[in-house]
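Me: I would like to learn how to read a structure like this, feature by feature. Please show it to me, and we will start with confidence.

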Amino acid sequence: MATKDLKDDTAATSAGKLFTRAEVEKHSETSKDTWIIIHNNVYNVTSFLNEHPGGEEVLLEQHGQDATEAFEDIGHSTDARQMMESYKIGELVEAERMEDSGKRIRDWSNKNEDSSRSYANIHLTPNAENEFNKVAIVALKLSADDQTSCVSPARRSRVMSMISEG
Ligand code: HEM
């Protein structure tokens, strides 16, 4: 029975099993579970698909793959990172881990505010960052009525509320 298989699977791996990338991919091909790799950890997000604020499509697209880059490109919050823990079923075998894993985790608290920052491994000088912010704000304004925008209405209104109209 499918439900029983899913439960058995999760139980067998919750202790922190080691997987190869090929095993994660194969499992995704042969079962209905959605397993994804993020920062060398393996997650079974099957039960999270309906609840994901970013929608199930983006997770299904990463089915069996390494979604580290996509995950970081979105700029997930600390809450999202804590939430992930409950879906973790194991880790990649040591030989297949990515060396730079974790380096791109950003500190959203701004505790260690620096004069320059990195986004997606691109280093921005303070001047470049100012220009970048202006472009981002214009893009947000232009996308306000665009249904195909990749910026969610919630995030857009959060950002817009921080900008005074000029
Ligand atoms: C276990 C893995 C994941 C968890 C727990 C998770 C959780 C969340 C949460 C809580 C949010 C709301 C915004 C925030 O708090 O950051 C979110 C938004 C989002 N997530 Fe994920 N996520 C996961 C994986 C992914 C992956 C792999 C992708 C891309 C392939 C993705 C794409 C998105 C998108 C597009 C949004 C909407 C961003 C926005 O509205 O600005 N997520 N996710």
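Me: What pLDDT does the chain average, and what share of the residues score at least 70?
Reply: Where pLDDT is low, the predicted coordinates should not be read in detail. This is a predicted model. Its chain averages a pLDDT of 76, and 56% of the residues score at least 70.

Me: Where is the pLDDT below 50?
Reply: Over residues 1–15 the pLDDT is below 50, and beyond near neighbours in sequence this stretch has nine contacts in the model. Residues 103–116 also stay under 50. For residues 103–116 the model has 22 contacts beyond four places in sequence.

Me: What are the ipTM and pTM scores?
Reply: The ipTM is 0.95 and the pTM is 0.63.

Me: On to the metal. Which residues are the protein donors of the iron atom of the ligand?
Reply: His52 and His76 are the protein donors, each through NE2. They lie 2.0 to 2.1 Å from the iron atom. His52 sits in the loop between strand 3 (41–44) and helix 3 (56–62), and His76 in the loop between helix 4 (68–74) and helix 5 (78–84), so the pair ties together parts that are 24 residues apart in sequence.

Me: Are these two histidines buried or exposed?
Reply: His52 is buried, and His76 is buried too.

Me: Why is the arrangement around the iron atom octahedral?
Reply: Start with the ideal. Six octahedral donors have ideal angles of 90 or 180 degrees. Here the six donor atoms around the iron atom of the ligand subtend angles of 86 to 179 degrees, which makes the arrangement octahedral.

Me: Next, charged pairs. How many salt bridges does a search of the whole structure find?
Reply: Side chains of opposite charge can pair when their charged atoms come close. The search of the whole structure finds four salt bridges. One of them joins the side chains of Arg21 and Asp66, at 2.8 Å from N to O. Arg21 lies in helix 2 (residues 21–30) and Asp66 in the loop between helix 3 and helix 4, so this pair ties together parts that are 45 residues apart in sequence.

Me: What is the relative accessible area of Arg21?
Reply: For Arg21 the figure is 24%, so Arg21 is partly exposed. Asp66 is partly exposed as well, at 26% relative accessibility.

Me: Last, the strands. In which sense do strand 1 and strand 4 pair, parallel or antiparallel?
Reply: Strand 1 (residues 17–19) and strand 4 (residues 88–92) pair in the parallel sense, over three bridges. Phe19 stands opposite Leu92 in strand 4.

Me: How many bridges join strand 3 to strand 4?
Reply: Three bridges join them, and these strands run antiparallel. Val42 stands opposite Gly90 in strand 4.

Methods: Residues are numbered from 1 along each chain as its sequence is written. This is a predicted model: local features need pLDDT of at least 70, side-chain atom pairs count only at pLDDT 80 or more; totals for chains, interfaces and linings use all residues. Side-chain values use heavy atoms; hydrogens and water are left out. Donors are N, O and S atoms within 2.8 Å of the metal (3.2 Å for Na, K and Ca); water is not among the atoms, so sites may look incomplete. Four donors count as tetrahedral if all angles lie between 85 and 135 degrees; four count as square planar and six as octahedral if opposite donors are over 155 degrees apart and all others between 65 and 115; anything else is irregular. Helices (H or I, at least four residues) and strands (E, at least two) are DSSP runs, numbered from the N terminus. Buried means under 20% relative accessible area, exposed over 50%, partly exposed in between (1.4 Å probe, protein chains only). pLDDT is the predictor's confidence in each residue, from 0 to 100. Contact means heavy atoms within 4.5 Å. Two strands pair if DSSP finds at least two bridges between them.
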